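Q: I have a structure open and would like to learn how to read it. Where do we begin?

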Amino acid sequence: MLLIPCPFCAMDRPEAEFRHAGEAHLTRPPDPAAADDAAWADFLYHRANPRGVIAERWRHVHGCGRFINVLRDTVSDRILASYRPGEKRP
Amino acid sequence: MIGSPRHEGMMQRLLVGRMFQGRLLPESMRTADGGRVERRTDIRFSFDGADYLGCGGDTLASALLANGVHLVGRSMKYHRPRGIVAAGAEEPNALVAVVRGGGRTTPNLRATQVELFEGLEAHSQNRWPSLNTDLGALVALAAPLLPAGFYYKTMMGPRGLGLWHRVFEPLVRRAAGLGRAPRVADPDRYARYYAHCDVLVAGAGPAGIAAALAAGRGGARTILCDEQAEPGGALLSEIAALIDGIPAREWLAQSLAELAAMPHVRVMPRTTAFGCYPHNMVGLAERVTDHLAAPSPDQPRERLWRVRARRIVLATGAIERPLVFPGNDRPGVMLAGAAREYLLRWGVKVGSRVVIATACDTAYRAALDLATAGVAVKLVVDLRAAADGPLPQAARAAGIAVLAGGRVLGTHLRGKRLDSVLLGRGDDGRRRWFDCDALLMCNGWTPAVHLHAQARGALRWEGERGVFLPGEPAPGVESIGACNGATDLAMALAQGAASGGGAVPVVEGEVPALPGPAHVDAAVAGDAFVDFQNDVRADDVRQAVAEGFHAIEHVKRYTAGGLGTDQGKTGNMNLLALAAAARGTPIPELGTTTFRPPYTPVSFGTLAGPARGEMFDPVRTTPLHAQAVAEGAVFEDVGQWKRARYFPQAGEDMHAAVRREVATTRAAAGLFDASTLGKIEVVGPDAAIFLDRLYLNAIATLKPGRCRYGVMLSEAGFVMDDGVMARLAPDRFHVTTTTSGAAHVLAHMEDYRQTEWPELRVWLTSTTEHWAVLAVQGPRARDVLAPLVAGDISAAALPHMAVRDLKVAGIPARMMRVSFSGEQGFEVNAPARHAPALWDALRPRIAAAGGTVYGTEAMHVLRAEKGYIIVGQETDGTVTPGDLGMAIGRGKGDFIGRRSLARPDMLAADRRQLVGLLSDDPALVLEEGAQIVAQSAPPPGTKALGHVTSSYFSPALGRSIALALLAGGRERTGERLFVPLARGSIGVAVAAPVFLDPQGGRLHV
Ligand SMILES: [Zn+2]
């Protein structure tokens, strides 16, 4: 079970308190109507799913309730950083 | 003696018939002294119905061997007789069921790990009708028909599957398999613990104890766990060496006493570290009561520990490898190290006349100790060309014959056990039978890197010794002792002490064992077993490679080698070596297999813990549950909720009750508990903007005091949820969700609020539990309510889709004019604590109005007659609002899902659309989920045009009705189609999905 540092609670908390919420830093086009079909499909469905470091979202659902961003190595499961939404990926 | 097997009848006679003049005979193979068992306590136990005596401190395996019993089971595939091979967790053959009565039956236990207690009842497995006369052994005659890949090939493809189900599975189930699960519920309790510590040491052998001592002395909070009843590991069978000047066993006792005296150290025997998980989490299974003759009812049977350790020290030892030669699976053939352990720890001689075959120096320790105990060690066959290390020299000096460069060519079984072995020399082809009652083998040792690898540590191939050793470990994990390649006591203690920065104990009197590679005869054929538990032979491995299975993971799956409950602890390295030899590549090129938890099997009870029965999943009841019970409701499970499904009166079945509830509600009034609806209060200056962006419908334009139906889409444009938005004030909404979607909708809202539009000033609160909802529906609904309401609820004052805070029966309530029945409808939201009082006030007025209470089944019929959808019934995650005939709210800008609705696929004319279906036979109710086609007898492979989503008998129409999703459905109104069912094809007419009051006049009265 992972230990995930919550940047709001400022604590390492067990994975069971969190819910995974997919890849981070996906930008919803500011004017979706202007996006062509390919760009929109890309936004909806295409994910990087890297072997290595991924930026992903978790929600501390059984804690502070906040969505957070986490950098995790998908091979080793090592967590390199966690930060608040809106903050730049370290 | 050359050329023919021999036997000695004397020994056989000694080994049968335990009873002598009604008294149990003493153990024939127990030494007079030595070992750690309590010889003065006779423990009576039974195995396969025969009674035996054992000693305190015995395992079932040591006690059986003390009684001369080697045959303990039949093999899985060929039903070959099998004996005890090992002394610990790696045992592949000796799987037994321990029966304690009343659901307390545990199958597939390793006899080597079952502690003896007074009255223990154990049974062998995988034999029928009995261990000695096993009809399944006839299967062995069919061995050529059961080659490697039999299961694999049989189950591939549709024809194979059919054959499997009809012919092979029943046969194989009868003949093979591993024990039987008990048929009654497990009466025991299982506990769950969480713990944190600075250092967790897995394995209390010399290395682990040295590590725990060093950690404990340094003040670290330490847990030392060991799978055995008694901590000590190899120290328990060490009689020669001195540690820091005192005998090893004395050093062990002193060390354990010191650890016990440290308040910050916890020593946990009978506790297996079965899994290493990310971020230094270790799973422990602690067996609390299985070894007790009379367990206390106050104690759980087992405990599951989840330990988060700053440092994990793995001291899990090494596992001895068998040799692969023809007949290496006979009862009486066992590991040399195990035989030595049985002698020194339990005072048991595994045979009277033994031959030892080895490719490793350590077997000479067994030779020396057995000879000292008076066992005739007839010969040590060393498979290596030369055997000149200190241990072989010591054996020769003690008068033990050593044959270097020898081979084991076969074994002979007489009765229940080995009686001779065929030995040869590698160089001259001479061969000779030796009589013996035990053949001890050693093919080197495999470091137990399981936990290291589970923690995602790397493995490194050590070619000289032919082993995988821990490479780069996961952070915070280290391996010490034999699992890290230590080959003697001094090295193990040194690594243990060093892990905690402690002083290294000094060892004297140990003859070093020189490590060497494992011996593999690439051409060995016949009954030369690689995996005992799954009956995999060397031939099978070569066949797998010949058929193109090259990676070791594929060889494993094809042969089933290493896939037994022992996970190939003894056999995997031999399997790897044989596969590598067959391919002609070095072992590391085949890769290693993945090490997965659990290290040894963990009972389901331990994993489930208290989460069973009522504790498996929470049960949610509404504040009106007691009222529904009093009304005689039949309940159904809706997610975690218990909901009243219908309220049968005397003599009514469900259909009759539902017809009455529907008809009475349409004719007069009905009272329905809708409390399970999800409710979210959305508050803030930007609440309206927020909801407008999340729902298909125009929420921003909704006036305070009014309600609007809302449909929520996923960003992909599919219907996700629906509900009613009630605007209480310019900055305050009461939003309802579906019963099952409540949590998901709130999470979805939070996601957009927190991450997409953090600038919006809006706050969300779940109020599902706060409000009970009493729906009063029907033409007389207002008559029922009005006298109880402090205020005007006339159609003019409170029209359809209006909301007001009003007192009802003196209770502050949020009253909404909404309807899910198509009738004049009120949903009275009352604080949950007042709900029973409100029910009690309404119930007699419902009765007086000629109305009824109704349940979810009637609710479904009422809404289906009106064509109202249920998300999750008419929708399945692929349905757009357009498919359901719903339009985007007027004047709306962007909202979640809107852009996706413009994708080409979402606009296709042949999308499945919501329609009504009327079957030709008005009495026939279609099956929900049934497919719709154009022909009455569609040929196989015909693509369906759609499917039935809801289907009921409609009391209002006096006939059956159905809702369906149908390709291009709205254009098909009036068409005749077919629903093929098992009993024949049903003709149906496509209709509009609203069957009753399409103008909605009944809503507005
Ligand atoms: Zn938090």
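A: Begin with domains, whose bounds come from an automatic or database domain assignment. This is a predicted model, in which local features need pLDDT of at least 70 and side-chain atom pairs count only at pLDDT 80 or more, while totals for chains, interfaces and linings use all residues. Residues are numbered from 1 along each chain as its sequence is written, chains are lettered from A and ligands numbered from 1 in the order in which they are written, and side-chain values use heavy atoms, leaving out hydrogens and water.

Q: Into which domains is chain B divided?

A: Chain B has domain 1 (5–145), domain 2 (193–318 + 448–508), domain 3 (322–443), domain 4 (521–590) and domain 5 (908–1004). Taken over C-alpha atoms, the centres of domain 2 and domain 5 of chain B are separated by 67 Å.

Q: How do I read two packed helices?

A: Two packed helices are described by the angle between their axes and the distance between the axes. Helices (H or I, at least four residues) and strands (E, at least two) are DSSP runs, numbered from the N terminus. Axes are lines fitted to C-alpha atoms, for helices over the stretch in contact, and angles run from 0 to 180 degrees between N-to-C directions. In chain B, the axes of α14 (residues 552–559) and α15 (residues 572–583) come within 11 Å and cross at roughly 110°. The helices α14(B) and α15(B) are therefore roughly perpendicular to each other (65 to 115 degrees; under 35 is roughly parallel, over 145 roughly antiparallel, the rest oblique).

Q: Which residues of α14(B) and α15(B) meet?

A: Contact means heavy atoms within 4.5 Å. On the α14(B) side are B:I552, B:K556 and B:T559, and they meet B:N572, B:L575, B:L576 and B:A579 of α15(B). By class, the residues of this contact are 4 nonpolar, 2 polar and 1 charged (Ala, Val, Leu, Ile, Met, Phe, Trp, Tyr, Cys and Pro count as nonpolar, Asp, Glu, Lys and Arg as charged, and the others, Gly among them, as polar).

Q: How do I read a sheet?

A: Look at which strands pair: two do if DSSP finds at least two bridges between them. Chain B has an open sheet of 7 strands in the order β43-β44-β45-β46-β42-β36-β47, with mixed pairing. Its edge strands, β43 (789–790) and β47 (852–853) of chain B, each pair on one side only. Strands β36 (residues 670–673) and β42 (residues 771–777) of chain B run antiparallel and are joined by 4 bridges. B:L671 has B:V776 in β42(B) as its bridge partner.
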